[in-house]
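Hi everyone, thanks for making time for this. Please bring the model up on your screens, and we'll walk through it together.

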Amino acid sequence: MADDKERGWLPDFLYRDGRFDSGIALFADDSGRITRFSETEADLANAQRLYNRALLPGLVNGHSHTFQRVIRARTEYRTTAVKDTFWTWRESMYHAALRLSPEDIYIAARMAFLEMALAGITAVGEFHYLHHAADRTPYEDRNFLAKQILRAADEVGIRVALLRTAYVRAGWRKEPEPGQARFITPRPQDFIDDTDTLDAFVRKTSPTGRAWIGVAPHSIRAVPLDYLLEVTGYARARGFPIHMHVAEQPAEVEACLGEYGARPVAFLDQNGILSSSFTAVHAIHINEDEITRLARHQVTVCACPTTERNLGDGILAADALEAAGIPISLGSDSNVQIDSLEDARQLEYNLRLSKRERAILSPTPERESLAGRLFKTATETGAASIGAEGGKLEVGRPADFFTVDLNDVAIAGADRESLLSHIVFALQRTAVRGVFVNGEPVIEEGHHTHEEQITQEFAKLQRRLWSKLPS
Ligand SMILES: [Zn+2]
C-alpha cells in the first residue's frame with residue numbers, strides 16, 4: 001500500500017529492462033527515488049493515470065558546450081575561397097566566446113538546457129571551458145562563469161555534471177591564439193584549486209545530486225603531458241569522471257604523432273590516463289590498435305553525430321566499437337541541434353551511408369533490438385559516463401523519466417513490440433509531453449513554466465549579438 005509521501009504514475013506503456021510493459025505503475029518516495037513497480041489493483045488505483053502515454057527513462061546528454069547555442073545556424077555559409085572546415089567554424093565560435101558577458105553565458109545556457117528538457121533530457125555533461133574575462137583576467141570569483149552554468153541548470157531543473165575544462169595552449173608548435181583567452185589556466189595547481197573550490201560550492205548548494213563536478217582536459221593539443229598527468233591524477237584521486245576530446249580531426253592525430261610519436265589513444269594509454277572513468281569524446285580518427293586499447297580500459301566513447309556531421313568531422317566506427325564491447329554515449333556538443341534520439345539514429349544511419357548496408361548495429365543474436373541498443377547510448381551509457389544516477393528505471397535510482405504522446409503523428413499506430421523502434425527512429429521533440437527529474441515535473445504538457453521568459457531573453461541576446469545595427 002502506498003504511504004502518504006509516495007507518488008505513483010501509471011502510463012499505458014512503461015520501459016524498463018529493455019522492453020515495454022503495460023499495467024505497471026512506477027512509485028517514488030519524497031526524496032525522488034524509485035521505491036517499487038507494482039501491478040496490484042490497489043496500487044494502480046493510487047497511481048496517477050497517464051493516458052495515451054509511454055514512460056521511459058530520462059535521456060542523458062553526455063557532452064555539451066551551451067554557449068555555442070548562440071552560433072547555431074550562423075555559420076552555415078562559406079568563409080573562404082578554398083574550403084570551410086572544423087577549423088574555420090572554430091573562428092566563429094571563438095569570436096562568439098569573446099563577446100559573451102557572464103549574464104549572456106547564463107542566458108544561452110538556460111536556453112540550451114530548456115531545449116534539452118523539452119527533448120526529454122534529464123541530465124547533461126557540460127564541458128565548460130569559459131573561465132575568465134575576454135582579456136584573460138580571472139574573475140574575482142574564479143568560478144564565476146561555471147556558476148552561471150549551474151544557475152541555469154538549476155532554474156531549468158535538469159541535472160548537470162559540470163565538467164570543468166583544463167586548457168593551456170593553442171597546440172604543439174602553435175603561437176597563442178587571442179580567441180582562447182577565456183579558456184586558459186597556465187598552472188595546473190590553479191586549475192586543481194579552482195576545481196576544488198567549485199566542488200566544495202556544489203556539494204554545499206546541491207546536496208541532492210542535482211549538480212556535480214568532473215574534470216575535462218580539453219584535448220591533447222590544448223593540454224601538454226605534464227599538465228595532463230597532474231590533472232588526471234587529481235581527478236582519479238577525487239573520483240571525478242574524466243572527459244576529453246580525442247581524435248575529432250585528422251590534424252590532431254598528426255600533431256600528436258609529431259609531438260609524442262604516438263597516436264592519441266596510444267599516447268593516453270602509454271601514459272596511464274585511460275580508465276573506466278575516462279570518456280573519449282568523438283574518437284573518430286582511431287585505428288584497430290586504439291580500439292583494442294579503449295576496450296582494454298573500458299573507456300566510454302561519447303559520439304556527437306549531429307555536430308560531427310555539421311562540422312564535417314567524419315563518421316564514428318560505432319560498429320567496430322560495439323564489436324569490441326566499448327560503451328558508446330551521446331552528446332549534443334555544439335548544440336546545432338538538441339535531440340538525443342536524432343544522435344542515436346545518426347550513429348546507425350551514418351554507417352548505412354558509408355557502407356551501403358542496413359541495420360549495421362543490430363545485435364546478433366537478438367538479445368536486444370537495434371532500437372534498444374541505440375536507446376541505451378542515449379540513457380544508461382551516458383549516465384554512467386557523466387556519473388549521473390539516472391539512465392535506467394530501477395528501484396533505488398532517481399525517478400528521472402519522460403513521457404511521450406502515443407497519439408503523436410510521428411509514432412501513431414505503434415504496437416508494444418515496435419514502440420521503442422518508433423521512438424528511436426521517428427520521434428520528434430514535440431511528442432515529449434512530460435519530463436520528470438527526481439520525481440518532480442520539469443516539463444508538463446509539453447511546456448516549461450518559464451519557457452516564454454527564457455526564450456524571449458535569449459532572443460533579445462541574439463538580436464544584440466547579431467544585429468548589424470548598434471543596440
Ligand atoms: Zn566538444
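This is a predicted model: local features need pLDDT of at least 70, side-chain atom pairs count only at pLDDT 80 or more; totals for chains, interfaces and linings use all residues.

Helix 12 and helix 15 are roughly perpendicular to each other, because the angle between them is about 95°, and angles from 65 to 115 degrees get that label. To find the pair, look for residues 340-355, which form helix 12, and residues 419-426, which form helix 15. Their axes are 7 Å apart. Who makes the contact? On the helix 12 side you'll see Leu 341, Ala 344 and Arg 345, and facing them from helix 15 are Ile 423, Val 424 and Phe 425. Sorted by class, this contact has five nonpolar residues, one charged residue and no polar ones.

Now for a second pair of helices. Helix 5 covers residues 188-205 and helix 6 covers residues 225-238. They pack at an angle of about 20°, and their axes are 9 Å apart. That angle makes helix 5 roughly parallel to helix 6, since anything under 35 degrees counts that way. The crossing of helix 5 and helix 6 is right-handed. Helix 5 brings Pro 188, Phe 191 and Ile 192 to the contact, while helix 6 brings Tyr 227, Glu 230, Val 231 and Tyr 234. By class, the contact of helix 5 with helix 6 has six nonpolar residues, one charged residue and no polar ones.

Let's zoom out to the whole chain. How many helices and strands does the chain have? There are 16 helices and 16 strands. The C-alpha trace spans about 70 × 50 × 45 Å along its principal axes.

Start with Glu 39, in the loop between strand 4 (34-38) and helix 1 (41-46). Is Glu 39 buried or exposed? Glu 39 counts as exposed, because it has 11 C-beta neighbours inside 10 Å, and the cut-off for exposed is 12 or fewer. Setting aside neighbours within four places in sequence, Glu 39 is in contact with Gly 23 and Ile 24. Leu 10 is 29 residues away from Glu 39 along the chain, yet their C-alpha atoms are separated by 9.8 Å.

The other two are about backbone angles. Most residues other than glycine have a negative phi. With that in mind, look at His 282, in strand 11 (residues 278-282). Its phi is near 85°, a positive value in a residue other than glycine.

You'll find Gln 298 in the loop between helix 9 (288-296) and strand 12 (300-303). With 14 other C-beta atoms within 10 Å, Gln 298 is partly exposed.

How values were computed
Residues are numbered from 1 along each chain as its sequence is written. Axes are lines fitted to C-alpha atoms, for helices over the stretch in contact, and angles run from 0 to 180 degrees between N-to-C directions. Helices (H or I, at least four residues) and strands (E, at least two) are DSSP runs, numbered from the N terminus. Angles under 35 degrees count as roughly parallel, over 145 as roughly antiparallel, 65 to 115 as roughly perpendicular and the rest as oblique. A crossing is left-handed if the near helix is turned anticlockwise from the far one by less than a right angle, and right-handed if clockwise. Two residues are in contact if their C-beta atoms, placed from the backbone, lie within 7 Å. Ala, Val, Leu, Ile, Met, Phe, Trp, Tyr, Cys and Pro count as nonpolar, Asp, Glu, Lys and Arg as charged, and the others, Gly among them, as polar. A residue is buried if 20 or more other C-beta atoms lie within 10 Å of its own, exposed if 12 or fewer, and partly exposed in between; C-beta atoms are placed from the backbone.
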